[in-house]
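Trainee: I am new to this structure and would like to go through it with you. Could you show it to me?
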Amino acid sequence: MNARFASAAAVFLDRDGTLIVDKSYLSKPEEVEFIPGTMEGLKKLVSAGFRLVMVTNQSGVGRGYFTLADVEKVHARMAVELKSMGVLLEAVYVAPEAPDQPSCGRKPSPQFLFDARDGLGLDLDRCYVVGDKWLDLETGWNAGTRRSLLVRTGHGRQVEAENRGNMRGAVVVDDMGAAAEWILRDAKNGVKNEVKTGSSETIGSCAPKA
Ligand SMILES: [Mg+2]
């Protein structure tokens, strides 16, 4: 791809247990509850020039518990709340498949990160992944992002305990707010992206290739 466009930095965000409280197969907008500190953290990242991209495995769709339309309603609610804080998710990627179903995007596949790189002109060397599961960290490693961060919200504390002493270079922080602080320190002088305006775009699921 044209290097001229490969200049933007993004933070790839897991959804459940990272941005919002993991309520196990959450499928209703009214169940959306942002984890304290999340909004403020995201706002700081946006102010520093980071693009925000949410990447979420929603196996509840593949398992037949709810539909992709339900997922999109949840994301619409999240977008409204985020917008009230001046925060835009520039892209949202959903892998709706169950773990045993073919999927080109289900984490830890790096495919959605590659798609976002191509779509938004991202430099993955300057991007970060934040999540509460090992597969989130792996997704970042598989895509070649600068760093994967584990939050201690959601499943994070358990993941940290299970992998103590072998975090493979992942950064462990208390929550999304702390993740944002860490990323901003790491990126030091800011990422100087152009400020983008416009509405959040749901790219949706990546259909398995025939
Ligand atoms: Mg999660």
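Trainee: What should helix α7 span at 1.5 Å a residue?
Mentor: The twelve residues of helix α7 (residues 176–187) should span 16 Å, and the end C-alpha atoms are 16 Å apart, which agrees. The expected span is 1.5 Å times one less than the number of residues in the helix. Helices (H or I, at least four residues) and strands (E, at least two) are DSSP runs, numbered from the N terminus.
Trainee: What kind of model is this, and how are residues numbered?
Mentor: This is a predicted model, in which local features need pLDDT of at least 70, side-chain atom pairs count only at pLDDT 80 or more, and totals for chains, interfaces and linings use all residues. Residues are numbered from 1 along each chain as its sequence is written.
Trainee: Back to α7, then. Which of its residues are buried?
Mentor: M176, G177, A179, A180 and I183 are the buried ones. A residue is buried if 20 or more other C-beta atoms lie within 10 Å of its own, exposed if 12 or fewer, and partly exposed in between, with C-beta atoms placed from the backbone.
Trainee: Where around the axis do they lie?
Mentor: They cover an arc of only 160 degrees, which puts them on the same side of α7. The arc is that of the directions from the helix axis to the C-beta atoms.
Trainee: What covers them?
Mentor: The cover includes β1 (10–13), α1 (38–47), β4 (128–131), β5 (147–151) and β6 (171–173). Contact here requires C-beta atoms, placed from the backbone, to lie within 7 Å.
Trainee: What follows α7?
Mentor: K188 does, and its phi is positive, near 50 degrees.
Trainee: Let us turn to β5. Why is it described as largely enclosed?
Mentor: Four of the five residues of β5 are buried, so the rest of the structure largely encloses this strand.
Trainee: How many bridges join β4 to β5?
Mentor: Four, and the two strands run parallel. Strands pair if DSSP finds at least two bridges between them. V129 stands opposite S148 in β5.
Trainee: And on to β6, how does β5 pair there?
Mentor: β5 and β6 pair in the parallel sense over three bridges, and V151 has V173 in β6 as its bridge partner. The chain crosses from β5 through helix α6 (residues 156–162) to β6 in a right-handed β-α-β crossover. Right-handed means that, with the strands pointing away from the viewer, the path from the first strand over the helix to the second runs clockwise.

Notes:
Two residues are in contact if their C-beta atoms, placed from the backbone, lie within 7 Å.
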